[in-house]
Amino acid sequence: MNRPTLWMEPAAEPQTVESLNRRVAKLERINAALMAHVERTMDQQGGAYSLFQTAIMLEGRVRARTEELTALMHSLERSNEAMQAAKEEAETANRSKTRFLAAASHDLLQPLNAARLSLSALTDLAPGPEAKAVARQVERGLETIEDLIKALIDISKLDAGIVRPVVKPVRLADLVVGIEASFRPFAERKELRLVTRCADLVVETDGVLLQRILQNLVSNAIRYTERGGVLIAARRRDKLCRIDVVDTGCGIPENERALVFEEFFRGGREGDDGGVGLGLGLSIVQRTASTLGHAIALHSRTGHGTRLSLTLPLAAQRPDARVTLAPLATALTGARVLAIENDASTAEALQRLLRSWDAEVQVFRDLPGVVAALGAGLARPDVMVIDYHLDNGACGLDVVDYLRRDRGWVTPVILTTADHGADIAARAQATGAELVHKPIKPAQLRSLLAYMLA
């Protein structure tokens, strides 16, 4: 019975080895899978750690950049605050300068006014050719000083934004005709042709400021032209108008064209009087054009001439008809003139000039002087010539108000001032006074007096 059992043992051994081999293989596969899992786990853990380190590093960089950016922003804010403060300080200084010049213009132009009035009277007293030549020389010197002061005041007002354009439809032909009439004698004296070609256009602009621009351009063109002539042309360009002032003068060198609009730049060109001008005309032109929003362009060829072009919008409607009354030339003999002038030299010059025209003149410094004269029997004048700015902040129009209220005198008034402010012009208009800016031109004053007394 034991023999069969012994014979079965060898049969079981191969199965056990194979089973063990299978188990070993299975265990190896399991081990390989476990190792792979461990490796993947290690890789994942290593990647997470690397990402963690990278995140920490990036956070540090972001913090550093944020601090740097914050510091730069604070620095920029401080710079902006400093720039704003500097800008406000500059604007305040500019406004102060403009107010000073506007206030000082009366005092600056007052001596010139007195000198020109006295010079006119002196010329009438000494009519000889030599005396007239000297008087003309002195007058030209006074005109140059006057032009410089007025130009500086104009530039200051334009820079400070005080000039407020009154934009409305303006018939361009009327303006060009006036400019042609003003400059034709100047051109003829130099044997130059002054030609205008202006279509019937109505533009949207400030007529007074546009007139100043064109006067400066035409004056410059004639001044620097020796042969040929000057053309003023206005043409339609779609919905715009282009005004050209063209001359046949010496032209502007290429290296100077970018500088001609700067103040006090005069280049090397000489004018008809051998001088080179003040160098302010084109600077005022550019500032005025900028104030109006009109584009200005320059084209020039050395030795051939220069063209300055102004582009402005056409108006949608026609301007109201305007009636211009021409002053009538009548004698001033026996006319009673009441003058209010606080400056002694100007008062004396004005009195001398009016008396040289055979007028009866009484001059007072202020309202109390007039009141005292009324008590002494002052007769009603035919016309009054009154200075706007009097001593101690008094206003010449107070005299007009007093005489109208107390005596019922509605007498024609000529209001004189060196101040070009719009408020003074408005007060003069409201009073019904004719406004004359100092320095007073004797011919203008005489013509106006003759018209008002007619």
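# A tour of the predicted model

Select Asp-358 in this predicted model: Asp-358 sits in the loop that joins helix 6 (344–356) to strand 9 (360–364). Asp-358 is not a glycine, yet its phi is positive, at about 70 degrees. Most residues other than glycine have a negative phi.

Next, select Asn-392, in the loop between strand 10 (383–387) and helix 8 (397–407). Asn-392 also has a positive phi, of about 60 degrees, without being a glycine. With a relative accessible area of 83%, Asn-392 is exposed.

Move on to Lys-438 and Pro-439. The peptide bond from Lys-438 to Pro-439 is cis, with omega near -5 degrees. Most peptide bonds are trans. Pro-439 belongs to the loop between strand 12 (434–437) and helix 10 (442–453).

Leu-69 is part of helix 1 (residues 2–125) and is partly exposed, with a relative accessible area of 49%.

The last stop is a cavity. How many cavities of 30 Å³ or more are there in the whole structure? The search finds one. The largest cavity has a volume of about 100 Å³. Select Asn-220, Ala-221, Asp-247, Thr-306 and Leu-308, the closest to its centre of the 11 lining residues. Helix 4 (207–223), strand 5 (240–247) and strand 7 (305–313) each supply at least two residues of this lining, and helix 4 gives the most, with three. By type, the lining has seven nonpolar, two polar and two charged residues.

How values were computed:
Residues numbered from 1 in each chain as written. Predicted model: local features only at pLDDT ≥ 70, side-chain atom pairs only at ≥ 80, totals over all residues. Heavy atoms only, no water. Helix = DSSP H or I, 4+ residues; strand = E, 2+ residues; numbered from the N terminus. Buried < 20%, exposed > 50% of the residue type's maximum accessible area, 1.4 Å probe, protein only. 1 Å grid on protein atoms, 1.4 Å probe; cavity = no way out; pocket = protein on both sides within 12 Å on 5 of 7 lines; lining within 4 Å. Points joined across faces, edges and corners; volume = space filled by probe spheres on them. Nonpolar A, V, L, I, M, F, W, Y, C, P; charged D, E, K, R; others polar.
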